[in-house]
Each structure stands twice: as structure tokens, then as C-alpha cells.
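Subject: Handing over the structure

Hello,

Here is the structure I promised to pass on. Please open it beside this message, and read the notes below as you look around.

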Amino acid sequence: MATNPNPQTPLPQLSRSVSITVPSRVVASLVSADDTKILKQIQASHAHAARELDVKPILDVIEDIFHRAKPTTLADLIVDGAQDLSDVLEAKMGGAAAGPKGNMLDALAATIQKVCCEFTCKCTGGDAHASTMAILNMLGHYSWDAKVVIALAAFAVTYGELWLVMLLSDTNPLARSIAVLKQTPEISEIKGVLKPQFAPLNDLIKVMVDVAKSLIEFRLLPSKYISPDDVPLATSFNQIAITTYWTIRSVVAAGAQIATNFGIGGTTSATEAWDLSSLAHKETSLHDHLVQRLHICYEFIEEKKREEAFNNLVLLFKTPQKDNVRILKSLIYAGEDIQPLVEIISRKRVGSVLSPLIEFIHHPFHHDYHHEIKQVHIDVLRGKTVLLLISDLDLIDEELIVLDKMYKEAKKGKNGLEYEIVWLPVVDRTITWTKEHETKFKELQYKMSWYTLFHPSLLDVASIRFIKEVWRFAKKPVIVSLDSAGKVVSENALHMILIWGNSAYPFTTAKEEELWKKQTWRLDFVMDAIHPEFPKLISQGDTHICLFGGENIEWIRKFTTSMKEHSSKIGIKIELVYVGKHNAKEAVKKIMEVINSEKLAHTLPDLVQVWYFWTRLESMLYSKMHHGKNVENDTIVKEVMSVLSFDGGDQGWGFIGSGSKTEIVKGKGEVLLSCLSRNKEWEERHKKVGFLAAFFDFLQGEFKQSSHHCNRLVLPSIEGTGVPKVVTCADCGRPMEKYILYRCCTGY
């Protein structure tokens with residue numbers, strides 16, 4: 001029996017137009033050539049305005065009769081065989097035997113009796129096809145499922161009555177006399193000699209009941225989502241008609257079997273048993289095809305429901321709301337059966353002396369961790385700004401650490417930052433959810449100090465489609481910002497969060513634009529929140545800071561030594577800070593160890609800060625691009641792209657500034673070394689205009705004299721913002737050539 005798929009179980013995706021084309025070879029396989037010959041007769045017997053009846057309660061009673069009247073359950077029959085059939089009817093019909101359904105049975109009683117007479121009188125030696133067509137013509141004004149149920153009811157009456165005679169013949173004189181005249185076998189014979197002969201009949205009865213249930217399912221398909229004109233249902237009608245014919249024909253054959261077994265001196269021949277087995281096999285095949293057709297119909301219905309749910313979401317987000325609860329329920333989880341969000345109350349590892357978050361992040365998932373979690377309702381988000389962190393299961397620790405720091409600062413402070421973060425994990429529903437997936441999900445969930453979805457399966461397919469199509473989520477994490485009324489105020493606030501942290505509250509596009517209007521390209525902006533000591537160094541106006549990067553340790557040794565010697569010679573204070581290289585975690589780690597051991601320069605505190613430095617620069621670029629800025633019309637875009645293009649090359653680079661001044665000198669490794677080695681050529685100018693101005697002028701001259709330069713810029717594609725079609729070189733102003741890079745591992 002086909003059943004409506006569980007909404008949490010992933011189904012194969014159909015096309016958005018919900019138009020399903022069934023190949024002709026598939027339709028042909030469902031209806032055999034012999035069946036095609038009689039299909040017109042079957043269809044001609046069916047009235048177009050057929051009566052649809054709720055025959056399921058009748059089928060329940062029929063099924064009860066078949067269940068009780070089986071040789072395998074004779075012991076049960078003997079124990080409670082005296083139970084009144086009216087009690088069974090009352091139980092199966094839910095107390096409605098005297099109500100409208102009871103009246104329906106009264107109206108069908110005459111029809112059931114006519115069908116009973118038809119196959120009882122003609123099935124012994126008559127034409128099975130003719131008898132079947134006679135019954136179909138008699139039931140022409142009923143729906144297909146009603147035809148089958150009425151025919152089964154007629155057979156069940158005959159079948160049940162004969163079993164009653166056998167059961168009561170030992171104790172009831174009337175039953176005994178009838179049994180003598182009908183020459184029905186003794187119960188002992190059924191339990192012994194005749195019992196194997198009932199196996200084919202029982203198999204046939206079972207599959208006929210299954211077919212009836214499937215036909216009822218077809219009738220109960222919701223007309224709101226599927227109509228007779230829709231392809232999945234339209235291509236099923238021939239199969240339904242043929243299956244109905246063969247089920248009624250099987251009823252006729254089963255009636256003949258009963259007449260033979262219970263007739264005077266009757267026995268079942270091998271040929272008759274084989275005929276029943278063949279019919280059971282054919283019925284099973286027909287039923288399998290019905291189940292396949294039902295599954296296709298259910299897929300169609302589910303797709304229609306998803307389409308409806310998606311459109312409702314789109315409309316809901318466009319409609320002003322009193323608060324955010326209705327929108328969040330519709331997006332996250334609309335049911336009331338469970339509390340869909342989880343809050344981690346406490347986390348610790350047995351025997352650990354470290355803080356819970358640091359301990360967990362720096363150690364793999366382990367069964368010794370103890371987590372106290374609390375499920376909460378979406379109402380906890382009412383009236384608050386909500387940041388929806390949307391990602392797959394590949395979130396990295398660095399992202400979580402940066403967000404966790406910001407979130408906890410907001411919770412501890414008294415600055416009125418009323419916002420919550422909710423993690424919505426988006427997973428591929430077509431992939432089987434494994435134990436490894438569950439472990440990975442739990443690892444991430446337990447690392448988060450904010451609310452998370454209880455389980456990825458709670459996120460409806462329509463919500464996932466909305467997230468991907470409307471908010472353009474693909475692979476990279478995004479943070480969608482909703483105000484207290486559930487209105488989307490930023491489709492990706494992640495960039496402004498990485499740039500300004502809690503200063504970007506309430507995380508709206510308008511706030512982001514306001515912050516950019518106040519912002520200029522300065523050293524303190526580039527280094528903000530990267531190192532606890534840097535704000536103090538930057539505030540000292542007479543101290544220059546040189547950021548440098550790359551993964552060539554020999555160049556780093558030469559550059560840092562040369563820069564220290566020259567700064568000492570001309571009498572300026574300079575601090576050298578190694579910021580690593582983007583997406584080269586292991587190489588950077590080794591270089592940082594060498595720099596620290598040889599005391600060549602400062603380094604960022606850890607690899608998390610290296611990741612944050614480069615990711616923050618990328619966020620600046622994408623945030624600016626989102627507001628329509630480019631190299632030609634925005635200084636910050638030009639400068640950020642310069643640094644990112646330096647990092648894309650193979651050699652080192654340097655970036656020198658002082659305090660909050662906007663003067664910044666930058667250049668590639670070999671050019672910087674060349675300028676430092678020729679310091680006598682610009683030392684005099686240094687005395688007049690200062691170190692930065694003199695160094696900048698000389699550096700520009702060196703660059704212009706260079707016959708060749710090569711800048712490479714590697715940008716991750718961000719849905720919605722994307723990568724610009726044309727990128728201008730930040731050094732020479734010429735359009736850069738575009739290449740496509742596929743990368744599996746970022747190194748972080």
C-alpha cells in the first residue's frame with residue numbers, strides 16, 4: 001500500500017513547472033497488449049459522472065471478515081467466533097453504523113446482493129470475462145474504488161457465511177443441517193488435508209484488499225494540488241481501469257474456488273489452484289504499478305505544496321508584520337509539536353581546566369564532553385533583531401570564534417544591543433543522512449553560544465529554496481539580518497559584522513552605508529581589532545607600522561633586517577608586523593614560528609587572527625561592491641584590491657603607515673628591497689617631506705620604470721554580490737584578465 005511520504009523524508013526533485021512527462025514505453029509497460037484489447041470495454045462500462053462514496057469503512061469490515069475467516073486463525077475464530085458482526089461494524093465504523101455511513105450501507109446492501117448473485121450463480125463453469133463485465137456494467141455509476149470494494153463485499157459475505165456454517169456446525173443444529181446439505185468439510189479437514197489448498201486463495205485475497213486500499217488512495221488525492229488533467233493522474237486512469245477489471249475478475253475466480261471447496265464433495269484441482277496463483281501474481285504486479293503511479297502523484301502533490309509554501313514565504317516577507325514571530329515560524333519551523341530551537345546552557349569536558357569554548361574549539365569532538373542543552377520556542381526571539389546564520393556543515397572554527405567573541409561582548413555589555421543569532425544549517429536533502437553527518441552537525445551545534453536549529457531536517461524544503469533563491473545562499477556562509485518586525489534589513493550582514501563587529505548594530509544596509517560614509521583608508525582601520533597591542537602603537541603618531549606578508553622566509557629575513565637598519569639610520573620608530581598569507585595555513589604557521597624564534601618582527605597572535613585579517617579585507621571589498629563602488633570611483637576599493645593582489649602573487653609585499661594618517665606606502669617585495677638598498681637617493685627628500693612621502697615618491701618612480709609587473713587577484717565568489725565582470729588593476733589601471741580557479745581546500 002502506498003502512503004503519503006513523510007514531509008521530513010527527502011524526495012527526488014521535480015521540475016519547477018511541476019510538469020511530468022511519462023515516456024510512452026513506461027505507459028506501455030503498465031498495460032499489457034491483451035489488456036489494451038479489453039480496455040475500451042472497461043471504459044465504456046464506466047459512467048463519466050461516477051458516484052464517489054467513502055467506502056473505506058466498508059473495506060475495514062471486509063478486511064475484518066477475511067482476517068477472521070482464515071484457516072491460520074481458526075483457533076481465534078473458535079474462541080470469539082460468536083462475536084456479533086454488528087459489533088465489528090460498530091467498531092470499524094466508529095459508532096456511525098446508525099448514522100449517514102450506516103445509511104450508506106443500507107443503500108448498498110441491494111447492490112452487494114446483486115453482485116453476490118452474479119458471481120455465485122455464474123462463476124461455476126461460466127465465462128469469467130462475461131461475469132466480470134456484467135459486474136462492471138452493474139456498477140457503472142460508482143467510482144473505481146467503490147466498484148472493487150462492493151465486489152469484495154459480495155465475496156466477503158459469501159466467504160464469511162460459509163465459514164460461519166463450518167464453525168457453528170459442531171454446536172448449532174441449524175448450522176449442522178445446512179452443512180450436511182451443502183456437504184461442507186469438517187473443521188478438522190480444513191486444518192489438515194484442505195489447508196494447503198487455501199494458500200493461493202489467501203494470497204489472492206490479501207493482494208485484492210491491497211489494491212482496494214490503493215484505489216481509495218487515488219480517490220482521496222487532494223484536488224487542491226492535483227486534478228484529473230494533471231499528467232501524473234491523467235496517465236494513471238488506464239492503469240486504474242485495468243486493475244479494477246482484474247480485481248473483480250479475481251473476485252469471480254475466488255468465488256468459483258469457494259463454490260468448489262464447499263460444494264458437494266468438491267475439491268480444488270491443481271489447475272484451479274494454479275489459476276488462483278497466476279491471478280495473485282498478476283494482481284501483485286498491477287498493485288506494484290499502482291503504487292508507482294501513486295508515488296509519482298504524491299511527488300507531484302508535494303512539489304505543488306512546496307511551491308505553495310515557497311510563494312507564501314515570498315508573500316509573507318513582503319507583507320508588513322506586527323512582530324517577527326510569524327515570519328520566523330514560517331521560515332524555521334511552523335509546527336507546534338516540538339520546540340525547534342536549542343540553546344546550549346553549559347559545556348565542559350571532564351577534567352578540563354580550560355574555558356569551555358576554548359577547550360571545545362581547540363579539541364576534536366569527544367564523547368567526554370558534557371553539554372547541557374535546552375529546547376526553546378521561537379517566541380524567545382519576539383521583538384528582537386535576529387541574525388540568521390545560514391551555512392552548510394562546513395563552517396570553520398575561525399568564523400565561529402570571531403562571531404562568538406562579538407556575540408558575547410554584546411551580551412555582557414549594557415549598550416542596548418538587543419539581538420540574537422540563530423544558526424540555520426542547510427543540508428542537501430538528496431543525500432542520505434549518516435552518523436558522520438550527525439556527528440559533524442553536533443560538533444558545530446555544541447560550539448555555538450547562540451540559538452541553533454534542533455536538527456537540519458526541521459528546515460522545510462520550501463524554506464531551503466527560499467534561502468537559496470531569494471537570499472542567494474550557495475556555499476559561503478551568510479548572515480541575514482531581520483529587524484524586530486521580521487523585515488529583512490540586510491540579505492548578508494556578515495561583511496559588515498566582520499568589518500565593524502557590534503558597531504554595525506542594528507546590522508541594516510542603511511547602517512552599513514552610514515559607516516562607509518564616515519570611513520577613510522587608514523592604518524587603524526585596516527588593523528582594527530586584529531591585535532590587542534596595535535591600538536596603542538597606532539595612537540603614537542611618531543611610530544610607523546609596517547605590515548608585510550608572503551611565504552618566502554629568505555625574503556622576509558632580508559626585508560625585516562633592511563627595514564630595521566634603515567629606520568635606525570634615519571631615526572624613525574617602526575614596528576614590523578607579519579600578517580601571513582591568505583589560504584596558506586601550514587606555511588604561515590611555520591613562518592610565524594621562525595619569525596618569533598629569530599625575533600625578526602611581530603606576528604599576529606594566532607592563525608585565527610591571520611584568517612580574520614584577510615577575510616576582513618575581502619569583506620571590505622564585497623561590502624563596497626554591494627554599494628556600487630569600484631576601483632575607478634572608490635579609494636578603499638582600490639587599496640583593498642592592491643593588498644589582495646599582492647597576496648595573490650608569489651613574492652612578499654609591504655604596507656607602511658603611521659597613526660591615523662591616510663598616507664600609506666605599499667609595494668611588492670623586490671621593489672621594496674630595491675628602494676631600501678638605494679636609500680641615499682631619497683634620504684634628503686625624507687628630511688623635507690617625511691619618511692612616508694619620500695619613500696612613496698621614490699617607490700612610484702621605481703614602479704614606473706619597471707618594464708613588467710604581474711598582479712593576481714583571487715576572490716571567492718559570493719552569491720548575490722558575485723565577482724565583477726571587469727576588474728581594473730589597482731597599480732596600472734588596465735583591465736585584468738579573468739581566469740577560473742576551482743579549489744577544494746582553502747587551507748583554513
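Helices (H or I, at least four residues) and strands (E, at least two) are DSSP runs, numbered from the N terminus. Pro-232 lies in one such run, helix 12 (residues 231–234).

Two notes on the source. This is a predicted model, where local features need pLDDT of at least 70, side-chain atom pairs count only at pLDDT 80 or more, and totals for chains, interfaces and linings use all residues. Residues are numbered from 1 along each chain as its sequence is written, and side-chain values use heavy atoms, with hydrogens and water left out.

Overall picture

The protein has 30 helices and 12 strands. Of its 748 residues, 51% are buried. Buried means under 20% relative accessible area, exposed over 50%, and partly exposed in between (1.4 Å probe, protein chains only). Take the contacts (heavy atoms within 4.5 Å) with a separation of 6 or more: residues 24 or more positions apart account for 75% of them.

Nonpolar cores

A nonpolar core is a set of buried Ala, Val, Leu, Ile, Met, Phe, Trp, Tyr and Cys residues joined through side-chain atoms within 4.5 Å. The largest has 97 residues. Trp-521, Leu-547, Phe-559 and Phe-613 have the most contacts inside it. Helix 26 (residues 607–626) gives this core its largest share, 11 residues. Phe-613 touches Val-526, Met-527, Ile-530, Leu-547, Val-579 and Leu-604, not counting residues up to four places away in sequence. Another core lies apart from the largest one. That core has 72 residues, among them Leu-53, Val-55, Ile-65 and Trp-246.

Helix 17 against helix 26

Helix 17 (residues 397–412) packs on helix 26 at about 85°, with the axes 10 Å apart. Axes are lines fitted to C-alpha atoms, for helices over the stretch in contact, and angles run from 0 to 180 degrees between N-to-C directions. The pair therefore counts as roughly perpendicular (65 to 115 degrees; under 35 is roughly parallel, over 145 roughly antiparallel, the rest oblique). Helix 17 brings Glu-398, Glu-399, Ile-401 and Val-402 to the contact. Helix 26 brings Val-608, Trp-611 and Tyr-612. These residues divide into 5 nonpolar, no polar and 2 charged. Here Ala, Val, Leu, Ile, Met, Phe, Trp, Tyr, Cys and Pro count as nonpolar, Asp, Glu, Lys and Arg as charged, and the others, Gly among them, as polar.

Helix 27

Is helix 27 (residues 635–648) enclosed or open? It is largely enclosed by the rest of the structure, because 12 of its 14 residues are buried. Those residues include Ile-636, Glu-639, Phe-646 and Asp-647. The buried residues pack against helix 21 (509–518), strand 9 (573–580), helix 26, strand 11 (653–658) and strand 12 (664–668). At 1.5 Å a residue, helix 27 should span 20 Å, and its end C-alpha atoms are 20 Å apart, which agrees. The expected span is 1.5 Å times one less than the number of residues.

Pro-232 is buried, at a relative accessible area of 0%. Its C-alpha atom is 7.2 Å from that of Arg-293, 61 residues apart along the chain.

Tyr-446 is in helix 18. At 13% relative accessibility, Tyr-446 counts as buried.

Phe-155 sits in helix 8 (residues 144–168) and is buried at 1%. The C-alpha atoms of Phe-155 and Ile-205 are separated by 10.0 Å.

Best wishes
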